[in-house]
Amino acid sequence: MNSSTVWNVPEAGSQTDFESFRRLAQTAERGLFAAFFLGEGLRLREHLGHVHDLDVVGRPDAQTMLAALARVTTRIGLVATQNTTYNDPADLAHRLHSLDLISGGRAAWNIVTTDNEWTGENFRRGGYLDHADRYTHAEAFVQTAKRVWSSWGADAIAADGRAPQWLDRQGIGPVHHEGEHYTVHYISRLPRSPQGRPVLFQAGDSPTGRDFAARQADVVFSAHNALDDALAFRKDITERTVEAGRPADAVKIMPGTEFVLAPTPREAEEKLEWVRSHQIGPQQAIAYLEQFWGRALDGVDPEGPLPDIAPAVDETDVTRGSGFQGAKAAELTAAWRREAAEKGQNILQFVRERSSRGASRTFSGSYADVADRLAEYSRLGAVDGFNITPWLIPSGLDDIVNHLVPELQERGVYPTEYSGDTLREHLGLDWPDDEGAGAGVADGTDSVDSAGAAIGDRATREDHDAGRAPQPAIT
Ligand SMILES: Cc1cc2nc3c(=O)[nH]c(=O)nc-3n(C[C@H](O)[C@H](O)[C@H](O)COP(=O)(O)O)c2cc1C
């Protein structure tokens with residue numbers, strides 16, 4: 001659920017009720033999806049000084065929602081996006097660890113850095129983190145969390161009432177981290193999870209962000225889903241992963257995408273037109289341009305050409321949270337005017353193609369045609385799955401699960417059953433080797449003081465390795 005979800009039609013359900021989430025997650029599980037993923041927005045987007053009233057808003061806290069979903073699902077992974085700027089490592093590690101235990105080893109954390117000042121205004125700390133520090137901060141955070149998760153041995157708590165004591169204190173190790181960003185002296189309050197620790201997703205696309213993922217993440221949630229782009233991104237991440245001293249395939253890649261599907265190509269085209277017209281109506285199209293012009297564009301005809309009006313700002317900066325801040329406004333708007341004129345597009349057509357809801361993020365076509373295209377991604381090894389944004393809540397995954405998944409199964413590129421119980425197993429990830437968690441941008445000194453982690457690692461790694469075949473999947 002995000003700003004591209006269609007809300008202005010009778011079929012649209014609640015964006016906040018548990019029932020919508022339950023329906024989506026259970027549909028995804030019926031379709032053997034590896035995971036159910038929730039993004040995070042810590043502050044409502046704002047446009048020209050006001051809350052962006054065309055957006056779908058309302059995101060219940062991800063960890064709370066996923067804990068509830070853990071009780072109505074049995075296999076599907078549960079991914080919570082959480083930032084490394086406004087949380088504290090031991091505290092967030094404990095909450096994610098709790099989700100991992102509650103769900104029987106199905107939790108994951110999508111690590112985001114969210115360093116902008118206007119989000120910081122929501123918090124006691126304000127925008128205290130310099131942009132350049134976002135990944136040194138994140139690295140120290142994740143290193144500490146990994147130590148917390150691996151600090152208990154597998155046998156640290158009594159198996160039954162015959163043991164002399166409930167807790168074997170030799171089996172748990174305190175975590176010490178002293179660095180520029182954190183000083184943490186902590187003893188974890190929870191035993192090791194069935195999948196070793198939560199799976200780590202990462203979303204952030206700068207070279208520094210990619211290197212961070214290569215060192216620390218299990219999965220990258222990327223924005224690169226067009227085939228050439230996905231292949232180039234795969235090559236880049238693989239090189240960085242090897243450079244970081246990890247196996248070439250240690251980091252899985254899942255770009256975000258949207259599917260608009262129908263039985264025939266013709267019907268899919270009509271459906272796409274319908275979806276786009278509801279995602280980007282006249283008001284949304286004008287609001288989209290206003291972000292870049294930095295001013296209200298009252299009276300501009302959405303069915304006319306892009307306005308020949310100078311932007312009111314040097315740099316685009318108006319819609320906070322849009323992700324488009326900082327472009328050179330005059331050059332960008334002039335280039336867009338030229339592009340739209342060359343293509344003969346009016347504002348609505350231009351924005352529908354150009355915006356993040358637009359063509360590049362969407363697979364549209366008949367079930368069979370889209371399955372063929374996806375099979376090609378699989379054959380070329382371009383991605384390990386997709387992170388799908390349904391354009392309608394709560395029924396937006398139905399046609400994918402009912403019609404696309406069987407086509408993919410017929411082509412042998414999609415699992416026919418869950419091959420394991422934990423998310424780590426669904427994704428074909430190795431048992432976590434967090435002894436290397438300190439590698440990378442050092443924040444200070446780290447240590448974990450007992451044999452506990454090593455004992456736990458060995459004991460449960462064997463269980464894992466004795467287990468099942470990896471399961472690639474579309475998330
Ligand atoms: C595909 C993708 C998804 C993201 N999702 C979120 C999100 O849900 N919440 C959030 O606060 N930031 C999100 N981010 C922002 C990143 O965490 C990061 O702060 C931002 O991309 C700046 O880092 P970078 O310079 O490395 O790209 C996302 C980024 C990408 C590329």
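A word on the model. What we have here is a predicted model, where local features need a pLDDT of at least 70 and side-chain atom pairs count only at pLDDT 80 or more, while totals for chains, interfaces and linings use all residues. Residue numbers start from 1 along each chain, following the sequence as it is written.

So how confident is the predictor in the chain on average? The pLDDT, which is the predictor's confidence in each residue on a scale from 0 to 100, averages 87, and 87% of the residues score at least 70. The model's ipTM is 0.97 and its pTM is 0.90. Please be careful with residues 450-460, where pLDDT stays under 50. Residues 467-473 are also below 50.

Now the overall picture. The chain has 15 helices and 13 strands. Of its 475 residues, 45% are buried. Here, buried means 20 or more other C-beta atoms within 10 Å of the residue's own, exposed means 12 or fewer, and partly exposed is in between, with C-beta atoms placed from the backbone. I'll also talk about contacts, meaning two residues whose C-beta atoms, placed from the backbone, lie within 7 Å. If we take contacts between residues at least 6 apart in sequence, 76% of them join residues at least 24 apart.

Let's go inside. A nonpolar core is a set of buried Ala, Val, Leu, Ile, Met, Phe, Trp, Tyr and Cys residues joined through C-beta atoms within 7 Å. The largest one here has 85 residues, and A35, F36, L78, A108 and F201 have the most contacts inside it. Helix α5 (residues 134-149) gives the largest share, 8 residues. There is also a second, separate core of 14 residues, with I280, A287, Y288 and I347 among them.

What does A108 touch, once neighbours within four places in sequence are set aside? Its contacts include A35, L78, F201 and L423.

Strands count as paired if DSSP finds at least two bridges between them, and β1 pairs with β4 in the parallel sense over 4 bridges. Within that pairing, F36 has L78 as its bridge partner.

On to the helices. Helix α3 (residues 89-102) has 14 residues and spans 20 Å from first C-alpha to last, close to the 20 Å expected; the expected span is 1.5 Å times one less than the number of residues. Its buried residues, including L92, L96 and L99, pack against α2, β4, β5, α5 and β7. After α3 comes G104, with a positive phi near 70 degrees.

Helix α8 (residues 265-279) has a clear buried side. A268, L272, V275, R276 and Q279 are buried. They are on the same side of α8 because they cover an arc of only 95 degrees around the axis, the arc being that of the directions from the helix axis to the C-beta atoms. On the other side, R266 and E270 are exposed. The cover over the buried residues includes β10, α11 and β11.

Most residues other than glycine have a negative phi, and most peptide bonds are trans. L32, in the loop between α1 and β1, has a positive phi of about 60 degrees. L48, in the loop between β2 and β3, has a positive phi near 50 degrees. Lastly, a cis peptide bond joins I393 and P394, with omega about 5 degrees, and P394 lies in the loop between β12 and α13.

Definitions and conventions
Helices (H or I, at least four residues) and strands (E, at least two) are DSSP runs, numbered from the N terminus.
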